[in-house]
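Subject: Structure handover

Hello,

Here is the structure for you to look at. My notes on what turned up in it follow below.

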Amino acid sequence: MQIPVEGFMYPNEVELQWSVLIVLYPFITGLVAGAFILASLERVFRVDAVKPTYRLALLTALSFLLVAPLPLQLHLGHPGRSFEMYLTPHSSSAMAMFGFVYLWYLMAVLLLEIWLDYRRDIVVKSETSSGVTRFIYRVLTFGSNVISERSLRIDERLGYFITLIGIPSAFLLHGYVGFIFGSVKANPWWSSPLMPIVFIFSAMVSGIAAVMLLYMLSTRLRGRNVEIGCLDKIAQYLLYTFLIDFSLEMLDLIHRIYEADESFRSLDFMVHTRLWMSQVIVQILLGTVAPIALLGLTQVLKFTEVVRKRIYALAGCLTVVGIFAMRWNVVIGGQLFSKSFLGYTTYKMGFATREGLLTAIALMILPFGILWILVKLLPPWPDSGSIPALVTPPAHRTS
Amino acid sequence: MFKDVEHLIRLAAVMAIALVAFVVLRAAIVPHSFGQYGHYRGAAIAEIAARPIGFAGHDACEGCHSDVVDQKKQGKHVVVACEACHGALAKHADDPGSVTPAKLDTAVICARCHEADSAKPKWFPQVLTADHSGGLACDTCHQPHSPKIETQKIETKTKAEGKQ
Amino acid sequence: MEITRRHLLVLLPAAAVGWKFVLAGTPEDAPNYKLSEHWWGMLIDIPKCIGCGSCVRACAQENDVPEGYYRTWVERYHVTDYQLERPQVASPDGGKQGFPPNEIGGKNFFVPKLCNHCADSPCTQVCPVGATFLSPDGVVLVDKTYCLGCRYCIQACPYGCRFLNPKTNTAEKCTLCYHRITKGLTTACCEVCPTGARQLADLKNPKDPIHEFLRTHTVQVLKPQMATGAKVFYDGMDGSVR
């Protein structure tokens, strides 16, 4: 397969090393970090308005976190050797920390927080359900069915403490993903101290937008009404984080243009040609400016509830697409130009290959499957009654 | 008193067991020579060094082919190693009978170095082969081991061609 | 029996036997190779390079380099007048088959490239598991039985010297013919270079001519702003080279 090259590439540079799967990885961990931070808002800062999304946000974070290592694993030349990262982690490697940051975040933060929050439900269900589900709940109780008031109060306090640790952990999880790229001095498209912080804020943006959309979608599927106050609040957070994210990205851009170092001419040409569509049109205009404008309008003008919901849905979708485009432009864009600054190569995405489009689509659907199972197992709806002994009445359409 | 935190104690126990299992497994799996010289498998150095060689090196050739060495001393190609033209021949050096070096096509081999190119240093002898020899093999006139033209050789060649 | 296999038997972790002594039938004279006594690098004399591609072919043959990938390659530069920032560079098939003839004005020259065996290498820094490393004698190597194939090192190399071997699915690069230099031989590329444009250099050996050369010539390393401690030194390198 001949890869089209323009100008001069070092001969080993023609083939791209990091594929669409490595685009998915920061996108997915971004959703995790963002969803978790939204959940933490309610708990740590006591924002009651977003309470309906608390458990949903946690479960969303968990389902995406479980999928996060899969694109990496599939991408490795020797997937069977990935455990070496735990055995002999290289302390000077940003990537070596992945395993530990991931484990910490999964085991110590997310699972623990969810477990503590759901423990009462789990214990009750382990006694009321039957068959396989009963067994699952029994395992989840660790053989202890203490749900005394005091124990629940301890859980609550411990959960609060974990959330406190969880916020910096979420920042760490995604900040370090930014560092993986930002610390590559050989690559001027990546090498920037702003990279980790841009990654964190874009993660929050995508996570908040995703939870907002999931909340709207799931309430609709259950035939309930969304709490518009909650939605307004989330949309407001989305707008503010987006403004910070956009300012940071523009700061990076302006800095690059003004400094115009040795790589600038090459990168500038790339943005105006190969990345024009994905960077300028999709990422900046459609994926950032448009949702900010839409969300900004809802703050300035008085719209009816229905119109606001529509705007939020549209802005949320544009945001998620825009953040995906941002990951694409970082990962793929950073490999399209030669480190000699004299030429450009082309990324040819496979279709039904190990690192192809089909795999990427499957990996993006998978978290929703996991979320579906988690929601069945641990219903996050505040109105469904967390004690299953009370039979939930069939949903009435009230709207 | 501990009754209310029983679930937490059980959880901590599970985590402790997992941690111990990890430490034990790690000790068992990590290669022994890891860390011998630094953060890598020390035995890898010897493994990489153990790879068999392909090019014997001109010292090995010169041990047997002293006649060619003498011939090369007459001309500028004295600095060119044998395997630069003849290719990798460690197997031949080890057991001369096992591999016989192929006869070289001088029309191709010589042009690799001597085809004119403005990027080549000016001191380096270079020709446009099409104009210079018109596709004739270079060893029609030049002795590759000592390429300076010997008038006598050309005469014999011309005579030989004349007789045909 | 292959001499190389006989060779393997006597090879110890930190000591190898000089091949030429083995060949001469006097293996007892072979020097013991001590890791701590060497610090390898290379000298590239640009004014001597004729762009014949012998080094690229020899490297591929010596090291089984897969088609389309290069542990060493040769670039041809064309610079017009003062346009140092806009050179025209070509390296068809890494220069393996030589270069299509050109007769043009301006400044033209060849630049052989290979791993710089950096003392502070970004590639070894980023390896998550310690599968690539700087050996005690100054050679950046890859442990292909340990490499994950994550390709972070390929991204981190400023010089484009690494690639993923599609057969082994592990990162691969120039070993400075480690299997040769530890046996007292020079690298395959230096062995076949017809003009002496490439010279293996042992920076810890006081008798190595490299020291005299460095003292008397203006030398440079590639991309010095990367501060990688590159140990491949270029004599007579133009400012347009990158």
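C:His78 stands opposite C:Gln88, which sits in β3(C). Please keep in mind that this is a predicted model.

**Strand β2 of chain C**

That pair belongs to the antiparallel pairing of β2(C) with β3(C), which runs over three bridges. β2(C) also pairs with β4(C), again in the antiparallel sense, over eight bridges. There, C:Arg76 faces C:Phe110 of β4(C).

**An open sheet in chain C**

Chain C also holds an open sheet of four strands. The order is β9-β1-β11-β10, and the pairing is mixed. One bridge to look up is C:Gly41, whose partner in β9(C) is C:Ala201.

**Chain C overall**

Chain C has eight helices and 11 strands. It counts 242 residues, 56% of them buried. Take the contacts in chain C between residues at least 6 apart in sequence: 62% of these join residues at least 24 apart.

**Where chain C touches chain B**

Here 49 residues of chain C are in contact with 40 residues of chain B. Six elements of chain C each supply at least two residues to its side: α1 (3-10), α2 (19-23), α3 (54-63), β4 (107-114), α6 (178-181) and α7 (188-192). α3(C) gives the most, with four residues. By type, the chain C side divides into 26 nonpolar, 14 polar and nine charged residues.

**Where chain C touches chain A**

This contact takes 35 residues from chain C and 30 residues from chain A. On the chain C side, the elements that give two or more residues are β3 (88-90), α4 (122-126), α5 (152-156) and β7 (163-165). The largest share, four residues, comes from α5(C). The chain C side divides into 23 nonpolar, nine polar and three charged residues. β3(C) is on this list, and it is also the strand that holds C:Gln88.

**Chain A overall**

Chain A has 14 helices and two strands. Its radius of gyration is 23 Å, close to the 21 Å that the globule rule gives for 399 residues, so chain A is as compact as a globular protein of that length. Its C-alpha trace spans about 70 × 55 × 35 Å along the principal axes. Of its 399 residues, 43% count as buried. Residues 24 or more positions apart make up 79% of the chain A contacts with a separation of 6 or more.

- α2(A), residues 54-67: its 14 residues should span 20 Å at 1.5 Å a residue, and the end C-alpha atoms are 21 Å apart, which agrees. Of the 14 residues, 13 are buried, so the helix is largely enclosed by the rest of the structure.
- α8(A), residues 195-221: its 27 residues should span 39 Å at 1.5 Å a residue, and the end C-alpha atoms are 38 Å apart, which agrees. Of the 27 residues, 20 are buried, so this helix too is largely enclosed by the rest of the structure.

Just after α8(A), A:Gly223 takes a positive phi of about 70°.

**A buried leucine in chain A**

A:Leu238 is found in helix α9(A), residues 228-259. Is A:Leu238 buried or exposed? The cut-off for buried is 20 or more other C-beta atoms within 10 Å. A:Leu238 has 27, so it is buried. Leaving aside neighbours within four places in sequence, it is in contact with A:Val205, A:Ile208, A:Ala209, A:Met212 and A:Leu295. A:Leu238 and A:Leu38 are 200 residues apart in sequence, yet 9.7 Å apart in space, C-alpha to C-alpha.

**Chain B**

The domain assignment gives chain B domain 1 (2-49), domain 2 (53-100) and domain 3 (103-164). The C-alpha centres of domain 1 and domain 2 of chain B lie 53 Å apart.

Best wishes

Notes. Residues numbered from 1 in each chain as written. Chains lettered and ligands numbered in written order. Predicted model: local features only at pLDDT ≥ 70, side-chain atom pairs only at ≥ 80, totals over all residues. Pairing = 2+ DSSP bridges. Expected span 1.5 Å × (residues − 1). Buried ≥ 20, exposed ≤ 12 C-beta atoms within 10 Å, placed from the backbone. Contact = placed C-beta atoms within 7 Å. Nonpolar A, V, L, I, M, F, W, Y, C, P; charged D, E, K, R; others polar. Domains from an automatic or database assignment. Rg over C-alpha atoms; globule rule 2.2 N^0.38 Å.
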